[in-house]
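Here is a short briefing on the local geometry of one protein model. It covers helices, strands and backbone angles in turn.

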Amino acid sequence: MMNRLIVVSLLLMSALMPANADKLMDNVRRNLDAVPQVRDSYIRYGSQYAGQRWTSPSAQMFAEFKTNGNRTRYEAATFAKRRQLAALVMAEIAEDKGRFMGDIIDGLQSTLEETWWGIPAHYPTKMMRREDQNVDLFNAETAGLVAWTKRALKEKIDSFSPMMTKWIDDEIARRMLAPALATDYWWKKAGMNWNPWICSNWLACVMFCERDSVRRQQAIEQIDKAMQCFYNAYPDDGGCDEGPTYWDRAAASLFDCLYLRNDGNSRDFADAKLARMAAYSYATYIADGYCLSFADSHGNRMVQQPNVMYPFAVMIGDKTMARFAAYVAKEKAFMTNAAAIFHQSGNYPTLGRELVFLSMLDTFVNEEAAEPLLADTWLQRLQIMTARRNGVFLAMKGGHNDESHNHNDVGSFVVYDGGIPVLVDPGVGEYTSMTFSKRRYDIWTMQSAYHNLPQINGCDQQAGRKYASHDVEYRLGRLKMDLAKTYPDSAGINCWTRVVDIDKRGVVTLSDDYDLSRCSSPVRLMFIAAHEPRVKAGEIEIGTMKMKYDTTILDVAVEPLDGKFDPMLRQMWQDGLWRIVMSVKGNSKRGKVKITVARGTSPYRR
């Protein structure tokens with residue numbers, strides 16, 4: 001089916017695009033007028049930026065990535081500037097009186113005068129060079145923001161000066177259209193977020209700013225080919241191996257592309273795999289705003305955004321997803337402060353997504369809000385299981401240690417009591433120069449020793465495709481696998497069979513059965529707790545739940561982890577994290593360990 005999507009009449013689609021965009025803008029303005037509280041929130045949001053100066057981050061700040069490894073200061077500054085522009089554009093669209101156009105014109109000029117639109121982590125040299133317009137995520141994202149601004153406000157920009165419109169087209173051609181078309185970038189063949197994220201912005205630039213019909217056709221053909229590569233590489237189960245945070249820029253960006261180039265025609269979204277890719281947005285949802293965090297997920301609460309979830313749900317006809325989008329919007333008070341959600345949607349707001357979403361506002365405001373509390377999920381390709389029993393949520397992952405944005409975490413699991421985290425994945429901290437270097441696995445959040453996993457003969461899991469789970473068996477509420485090959489040979493593991501299951505009462509049981517060729521140091525089982533553990537003989541209280549263990553087999557120690565936190569981790573885990581270390585007594589090469597996690601004082605409480 002995806003092949004059929006790609007053979008639509010591209011020239012016809014391109015020729016019709018300006019008229020269709022005008023229709024979209026008419027729908028946006030009509031819907032905003034019909035819901036004045038939503039319209040007014042965008043006006044208030046933009047008003048706070050009215051009259052503010054436009055500044056660009058300095059050369060010294062750009063150089064920090066190369067000099068001290070910091071990338072967040074430059075990103076914060078440049079993202080804030082894009083946020084300022086997006087807020088003013090939305091305010092002008094909502095109010096439609098020209099009041100914000102002076103600030104928008106100045107903002108466009110300041111942006112167009114920047115040397116490069118990307119971030120230092122994606123640039124080869126310490127200083128930006130005008131002649132090097134490498135197409136990275138944020139060169140593309142800024143180009144998309146500017147292109148959508150032109151499309152939404154073209155008449156008003158032209159009324160100031162047609163020279164501004166021409167300048168926009170020329171700069172987007174120089175920075176985005178020309179290098180993207182001429183260069184065989186690696187991301188065009190990638191099965192991860194860079195491909196659709198860049199292509200969705202590239203496509204907007206092609207549609208709104210490319211004046212040459214031949215180049216337009218060539219670019220759309222390249223985008224189609226890149227999207228096909230991404231789609232083909234994506235797991236058949238629809239799972240995003242980069243974690244729920246990156247779904248927003250993986251499958252959701254594929255949707256952005258398909259919506260743009262098929263003019264929002266829902267019949268072109270009747271694809272079973274695409275539907276599974278969409279459903280991942282709620283398949284990994286826990287409860288009370290928490291979502292399953294693994295790999296480089298930069299958050300653990302409400303990472304899903306209704307401005308892409310709802311249009312995606314409408315196009316594929318997924319009622320559960322549509323209701324989830326309405327639930328997220330309700331929890332974030334969309335009707336009284338819609339602009340706050342827009343402000344938080346990504347590194348900086350995605351203007352095109354917001355406009356597509358607002359074109360559907362008339363139906364969205366009547367959508368029923370509901371949490372997608374699925375009983376069971378099994379993503380076979382990624383080997384991710386989730387199960388919900390009596391309000392307790394369990395998830396476990398298998399797979400291998402060379403997935404995109406991978407952490408060494410095969411066989412790890414998490415437990416939540418409803419929306420209360422108990423045993424968790426720590427997530428990831430701020431990106432630095434170390435994050436994607438050869439020293440990536442020196443970072444503690446990437447290591448198996450800081451996931452809910454064993455440490456064997458002093459060895460942790462290793463990174464690489466060969467370090468994978470084996471003999472995986474799934475049934476509802478239960479996942480079994482051999483973890484032996486996720487560790488190096490020096491760990492001396494013949495077999496390590498791990499079984500995690502949950503019964504109808506919500507009791508989680510971990511069973512580890514192992515056979516080692518040697519035992520030079522005690523086997524240690526690690527657990528990451530989201531509440532300070534209170535240890536008693538045979539049980540550990542963690543928030544609302546208790547871990548039961550055999551004191552004749554295991555010794556217990558607890559280590560606080562908040563000393564390892566950076567600002568991002570502190571924001572995620574405001575109450576702190578603790579590592580529980582259970583050490584197996586003796587030096588037997590064979591053993592069995594069983595641990596239960598259950599609510600309250602009794603594992604049998606209903």
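**Helix α4 and its end**

Glycine 69 follows α4 and has a positive phi, near 85 degrees. The model is a predicted one. The points below are grouped by topic.

- Helix α4 spans residues 59-67.
- Its buried residues are Met61, Phe62, Ala63, Glu64 and Phe65.
- Part of the cover over these buried residues comes from α5 (72-95).

**Helix pair α3 and α5**

- Two packed helices are described by the angle between their axes and by the distance between those axes.
- Helix α3 covers residues 36-47, and its axis comes within 8 Å of that of α5.
- The two axes cross at roughly 135 degrees.
- α3 and α5 are therefore oblique to each other.
- The crossing of α3 past α5 is left-handed.
- On the α3 side, the contact uses Arg39, Tyr42, Ile43, Tyr45 and Gly46.
- On the α5 side, these meet Arg83, Ala87, Leu88, Met90, Ala91, Ala94 and Glu95.
- By class, the residues of this α3 and α5 contact are eight nonpolar, one polar and three charged.

**Helix pair α6 and α8**

- Helix α6 (residues 101-112) packs against helix α8 (residues 162-182) at an angle of about 30 degrees.
- Their axes lie 11 Å apart.
- Angles under 35 degrees count as roughly parallel, and α6 and α8 are therefore roughly parallel to each other.
- α6 passes α8 in a left-handed crossing.
- α6 contributes Ile105, Leu108, Gln109, Thr111 and Leu112 to the contact.
- α8 meets them with Met164, Trp167, Ile168, Glu171 and Arg175.
- The contact of α6 with α8 holds six nonpolar, two polar and two charged residues.

- Strand β3 runs over residues 376-379, and strand β4 over residues 384-389.
- The two strands pair in the antiparallel sense, over four bridges.
- Aspartate 376 stands opposite alanine 387 of β4.
- In a regular strand the side chains alternate between the two faces of the sheet.
- In β3, Thr377 and Leu379 are on the covered face, while Asp376 and Trp378 are on the uncovered one.
- Four residues lie between the strands of this hairpin.
- Glutamine 383 takes a positive phi there, near 60 degrees.

**Eight-stranded sheet**

- Eight strands form an open sheet with antiparallel pairing.
- Their order is β11-β12-β13-β14-β21-β18-β17-β16.
- β11 and β16 (534-536) are the edge strands, and each pairs on one side only.
- Neighbouring strands of this sheet are turned by 15 degrees against each other on average, direction ignored.
- Strand β12 (residues 478-482) and strand β13 (residues 493-502) run antiparallel, joined by five bridges.
- Leucine 479 stands opposite valine 500 in β13.

- Most residues other than glycine have a negative phi.
- Alanine 333 has a positive phi, near 60 degrees.
- Alanine 333 sits in the loop between α15 (319-331) and α16 (334-344).
- Is alanine 333 buried or partly exposed? Alanine 333 is partly exposed, with a relative accessible area of 33%.
- Aspartate 471 also has a positive phi, near 50 degrees.
- Aspartate 471 belongs to strand β11 (residues 470-475).
- Aspartate 471 is exposed, at a relative accessible area of 59%.

How values were computed. Residues numbered from 1 in each chain as written. Predicted model: local features only at pLDDT ≥ 70, side-chain atom pairs only at ≥ 80, totals over all residues. Heavy atoms only, no water. Buried < 20%, exposed > 50% of the residue type's maximum accessible area, 1.4 Å probe, protein only. Pairing = 2+ DSSP bridges. Axes fitted to C-alpha atoms, helices over the stretch in contact; angles between N-to-C directions. Parallel < 35°, antiparallel > 145°, perpendicular 65-115°, else oblique. Left-handed = near helix turned anticlockwise from the far one by under 90°. Contact = heavy atoms within 4.5 Å. Nonpolar A, V, L, I, M, F, W, Y, C, P; charged D, E, K, R; others polar.
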